[in-house]
Structures are given as C-alpha cells and as structure tokens.
Amino acid sequence: MRAAAPLAAALLVAGGLTAWSLAPQEAFAATGRAAPEGDFNGDGYADLVSGAPGATVSHKAQAGYVAVTYGSANGLVPSHKKLVSRSTSGVPGSAAAKQRFGETFSKGDLDGDGYSDLVIGAGKASSGSVILWGSPSGLTGGTPIATYGQAPQVGDFDGDGRADLALFGDPGSYGDDPVAQAANLWKGPISRTGSPAARLNFLDKSEWFGYDDDAPGAECAKNDSCVSGPRSISGPVVAKATGDVNGDHRQDIVMWNYAGDGEWDNKVLLGGRAGFKETAAPGVRGTVGVGDVDGDGYDDVVAGDNEDTGKVTVAYGTPSGPSATRTQSFDQSLPGFHGAQESGDRLGSCVAVADVTGDGRAEIALGISGEDFSGLADAGSIALLHGTASGVTGAGSQVLHQNTPGVPGVAEKNDAFGAACGLLDVNGDGHRDLAVSSAAENASSGAVWSLRGSGHGLTTKGATAFGPGDVGGPVTKAEFGIFLR
C-alpha cells in the first residue's frame with residue numbers, strides 16, 4: 001500500500017476504523033480480562049509491542065525503537081501508546097547506528113507487583129537489554145542489563161511461581177565448531193535496580209562440557225573451560241519462544257541451535273530447578289511457536305517455513321518434551337485449508353499459537369508472506385487453523401489478506417503481509433485477537449493490522465491497521481512490526 005499521510009488517516013477515509021476516533025476516556029473506561037503476562041497497566045487488556053529496529057533515531061540509522069499500543073475495550077488505539085528507544089528519557093544508553101534496538105523483546109512480571117514488564121533486546125547483542133517496568137500508568141523507568149542483548153526470554157523456568165529471566169550474550173564469530181556463548185539465568189523476583197533473587201546455573205550440571213580433555217563434564221567449571229556450563233551454552237543459539245512442552249509447570253525455551261559445520265537445528269531448553277536441559281525440537285531455524293494444540297495439557301512446538309519441505313511441522317508435547325514420533329507435517333494441501341501450496345509461499349513465515357475460540361485447544365496463526373494472488377507476487381496472507389484432540393485440522397480454517405473484505409488496505413506485490421504475528425486479547429473479551437504485520441509495507445516503513453478473535457475464529461468486523469507515523473514514530477525504513485508480542 002502506498003500512503004503519503006499516516007496509515008491510519010489514509011485508511012479512515014476508506015472506513016471501518018471508527019474505534020480510532022474515540023476519545024481516550026471513551027476507549028479505556030472499561031476493564032477487560034486479558035492474561036496478565038501481556039498487560040503492562042493492569043487494566044485487563046493485553047498490550048501489543050511492535051518492534052521497529054530499522055528506524056533512524058537521533059540521526060542514527062537502524063538505531064531502532066519499539067511502540068507499545070495499549071489495549072482497550074475497543075482494541076488497539078494508536079494514540080494510546082508509548083514509544084521507547086535508547087534516546088527516550090529514562091531509558092539507559094544512547095541510540096547507536098545499526099544497534100537495531102527492539103529487534104527482540106519479551107514480557108512478564110519480573111518484580112512480582114502484578115504488572116507485566118518488558119525486556120527489550122537488540123540486533124547488536126553486545127549493546128545489552130533494557131527492562132521497562134509495568135505500573136497503573138503503563139511502562140515506566142528503565143533498567144540496563146549490560147552485554148546480554150540477544151533475545152531475552154521471560155518465564156517461570158524453575159517452577160516456583162515467579163517469573164525468571166534468561167539472558168543471552170553475543171556469541172561473536174564462529175566457524176565449523178560451535179562456540180561458547182555467554183548465558184545467564186536470573187531467578188525472580190528481579191528488583192528495579194536490576195538485581196535478581198539469585199543467579200542460577202544456566203544449564204543443569206548434566207549438560208556441562210568443555211573442549212579441555214583435562215576437565216571433562218562438569219569439571220570444566222573448575223578452570224572456566226566450559227562451552228556449555230553455568231554461565232554459557234554451546235552456540236550460537238537464538239531463543240525464539242517459550243512454553244511448557246513437558247507439562248511440569250516450568251517454562252521451556254525453543255531456540256535455534258548451531259550444530260557445527262554450517263548446520264543448524266532447533267532445540268528446546270527444558271526448565272528445571274537446577275538449570276536447563278537440552279532436547280531436540282522439529283525444524284531447522286525458521287519461525288517457531290508454542291501452545292497446546294490438542295488440549296492435552298502439554299504445549300506443542302510448531303515450526304514453520306521449513307526450507308527443505310515447505311511444510312509446517314507440529315511436535316506434540318509429552319512428559320519428556322516434544323515427541324519424536326507423534327508429529328504432524330502439513331502444507332496448504334491439508335484438507336479444508338484454503339489455497340494451493342506453491343513454491344515460495346513461505347507457509348509459516350510467522351507462527352503464533354494460542355486459544356482464540358475458547359475451546360481449550362490452541363489455534364495456529366501462520367503467515368504466508370510469499371503468497372501470490374490476483375497477479376500480485378509476494379503480496380502475502382495470514383491463515384488461522386484450529387486445533388483438535390487429534391491435532392491440527394484444515395476444517396474451518398481462514399485465510400485473509402489486504403484484499404479480504406473488511407481488512408484495511410489494498411494488497412500490492414512484495415508487501416509480504418504475514419511477516420510477523422501474535423495472538424493476544426487486546427479488547428479483553430476472553431478471545432485472543434490477531435496482530436499481523438507487513439514490515440515491507442510502504443517501502444519498508446511497515447504496518448500492523450489487528451483482527452478480533454471470537455468463538456469461531458477471526459472476524460474482520462472492527463479490523464484496524466496502523467503504521468509508524470500513526471504512533472508518532474520515525475517512519476523511513478522503520479520495519480515497523482517486524483517482531484510482535
């Protein structure tokens with residue numbers, strides 16, 4: 001879509017975005033019932049975070065920022081927002097070229113005060129992370145975490161009922177062999193001065209090893225030669241998603257893992273009282289989501305965009321982690337799944353897994369950012385598939401794009417709609433709503449769409465869209481929405 005004016009203004013002309021015209025007191029008066037881990041101000045509505053790591057901030061190209069749009073009874077309203085960059089007052093550090101602040105982030109109540117907090121990482125991992133703290137007025141303050149800037153993850157990893165923080169450092173250069181990547185596991189609660197209740201071993205002792213023959217296994221910690229150990233992990237690794245895949249009430253982390261000799265795979269870090277243990281996961285890099293698709297109490301790992309097969313793979317959770325035998329792979333040939341599978345579709349360009357309909361089984365949102373239609377190459381679309389007791393079904397699935405009636409905007413070639421997605425209840429009605437982006441929209445300025453969830457799936461009624469100009473952020477090549485939570 002081409003728009004000289006802010007995206008919201010352009011789309012309001014076309015109609016369908018009346019919620020944006022509400023006064024703030026009208027939009028935010030009611031109280032919703034969203035999950036607290038995504039609610040920064042405690043009003044019962046989930047809040048959406050959109051990364052814009054390509055943006056120029058303080059004249060620094062690709063310094064980056066994030067936009068937080070607060071939920072309300074009417075969903076997302078771009079005027080009710082907070083922009084955060086390294087140039088924001090109270091946020092430690094300073095904007096730097098190619099830092100790509102906001103390329104990754106994670107949510108959770110780190111200090112145990114009942115308000116979700118936000119941990120923001122960066123493309124340049126050595127620049128560290130920043131914690132912003134939830135409050136009745138939304139996100140406030142800023143606490144630095146030095147050097148650990150790569151894909152921080154929040155979750156209750158030791159099962160004590162408090163949110164912990166898993167931190168990953170810059171792996172540096174690597175070749176045929178994996179290298180030791182700095183990693184830290186902070187036990188919650190975490191104070192607003194940045195002090196954890198304790199620093200736990202990152203990996204369980206059974207996982208420790210080094211290349212020093214004189215210090216095998218856990219002995220490597222004695223001479224600081226561990227590749228995987230109490231403060232490191234064999235990498236590079238890139239954390240992608242969290243969930244409880246073995247049903248032990250501890251959160252686990254799904255990650256990309258460098259296996260050596262140029263080969264990558266996916267792995268799961270299983271949470272535990274004594275640190276993480278590693279196990280296999282489906283897929284090779286690509287996008288990953290976690291949620292209970294079949295409703296059996298174990299979260300399942302959904303891996304999209306497999307370059308080898310063009311299929312999405314689900315590995316169902318078990319007491320020992322993702323099953324190696326109970327898996328399901330599918331593409332657009334799945335019965336009931338609208339569309340035809342074609343090379344370059346990028347099925348699973350984004351993956352989000354959560355219960356939209358309220359039936360106790362998670363739906364799967366899948367980006368199809370390379371989808372062609374109406375003569376438009378790579379215009380992109382988004383699909384929602386339902387979970388059943390026997391797994392994913394194409395029955396009742398939905399596929400939507402910018403030319404779908406009720407969806408704001410007009411599809412164009414190379415929009416790559418479906419680049420990122422998330423499922424969160426922004427209007428507090430008990431149904432997860434879909435956030436989906438096109439980071440390539442408007443010459444890589446980017447844009448985000450919000451579609452409401454219901455007991456049947458998604459509806460285009462009240463659908464909204466907004467870009468960086470609508471939230472008052474830098475626009476040019478911002479890549480707004482390249483990462484969503």
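Two strands are taken to pair if DSSP finds at least two bridges between them. In this predicted model, strand 19 and strand 20 (residues 300–303) meet that criterion, because they are joined in the antiparallel sense over four bridges. Within this pairing, Gly291 stands opposite Asp300 of strand 20. The two strands belong to an open sheet of four, ordered 19-20-21-22, with antiparallel pairing. Strand 19 (288–291) and strand 22 (321–330) stand at the edges. Each has a single partner strand, so one side of each is left without a neighbour in the sheet. From one strand to the next, the twist averages 20°. Strands of a sheet pair through backbone hydrogen bonds, either parallel or antiparallel.

A disulfide is a covalent bond between the sulfur atoms of two cysteines. The structure has two disulfides. With the bonded cysteines numbered in sequence order, the pairing is 1-2, 3-4. The torsion about its S-S bond is about 90°, so the disulfide of Cys220 and Cys226 is right-handed. Both Cys220 and Cys226 are buried.

Cys350 and Cys421 form a disulfide with a sulfur separation of 2.2 Å. The pair counts as a disulfide because its 2.2 Å separation falls within the 2.5 Å cut-off. The link of Cys350 and Cys421 is right-handed, with 115° about the S-S bond. Cys350 lies in strand 23 (residues 347–354), and Cys421 in strand 27 (residues 420–424). The pair therefore ties together parts that are 71 residues apart in sequence. Cys350 is buried, with a relative accessible area of 4%. Cys421 is buried at 4% relative accessibility.

Charged contacts form a further set of links. Side chains of opposite charge can pair when their charged atoms come close. Twelve salt bridges are found in the structure. Arg100 takes part in a salt bridge with Glu103, where the closest N and O atoms are 2.5 Å apart. Arg100 counts as buried, at 15% relative accessibility. Glu103 is partly exposed, at 27% relative accessibility. The two classes follow because buried means under 20% relative accessible area, with partly exposed between that limit and the exposed class at over 50%.

Arg100 also forms a salt bridge with Glu479, at 3.1 Å between the closest N and O atoms. Arg100 sits in the loop between strand 3 (81–85) and strand 4 (101–108), whereas Glu479 sits in the segment after strand 30 (458–466). The pair therefore ties together parts that are 379 residues apart in sequence.

Lys187 and Asp158 meet in a salt bridge through their side chains, at 2.7 Å from N to O. This pair links distant parts of the chain, 29 residues apart. Lys187 is in strand 10 (residues 179–190). Asp158 is in the loop between strand 8 (153–155) and strand 9 (164–168). Asp158 counts as buried, at 7% relative accessibility. Salt bridges with shared partners join Asp158, Asp160, Arg162 and Lys187 into one network.

Backbone geometry was then considered. The peptide bond from Gly188 to Pro189 is cis, with omega near 5°. Pro189 is placed in strand 10, the strand that also holds Lys187. A cis peptide bond also runs from Gly235 to Pro236, with omega near 10°. Pro236 lies in the loop between strand 14 (232–235) and strand 15 (237–243).

Asp261 has a phi of about 55°, although it is not a glycine. Its place is the loop between strand 16 (252–260) and strand 17 (263–270). Asp261 counts as exposed, at 59% relative accessibility. Asn414 has a positive phi of about 65° and is likewise not a glycine. Asn414 is in the loop between strand 26 (391–400) and strand 27; strand 27 also holds Cys421. With a relative accessible area of 45%, Asn414 is partly exposed.

Definitions and conventions:
Residues are numbered from 1 along each chain as its sequence is written. This is a predicted model: local features need pLDDT of at least 70, side-chain atom pairs count only at pLDDT 80 or more; totals for chains, interfaces and linings use all residues. Side-chain values use heavy atoms; hydrogens and water are left out. A salt bridge is a side-chain nitrogen of Lys or Arg within 4 Å of a carboxyl oxygen of Asp or Glu. Buried means under 20% relative accessible area, exposed over 50%, partly exposed in between (1.4 Å probe, protein chains only). Axes are lines fitted to C-alpha atoms, for helices over the stretch in contact, and angles run from 0 to 180 degrees between N-to-C directions.
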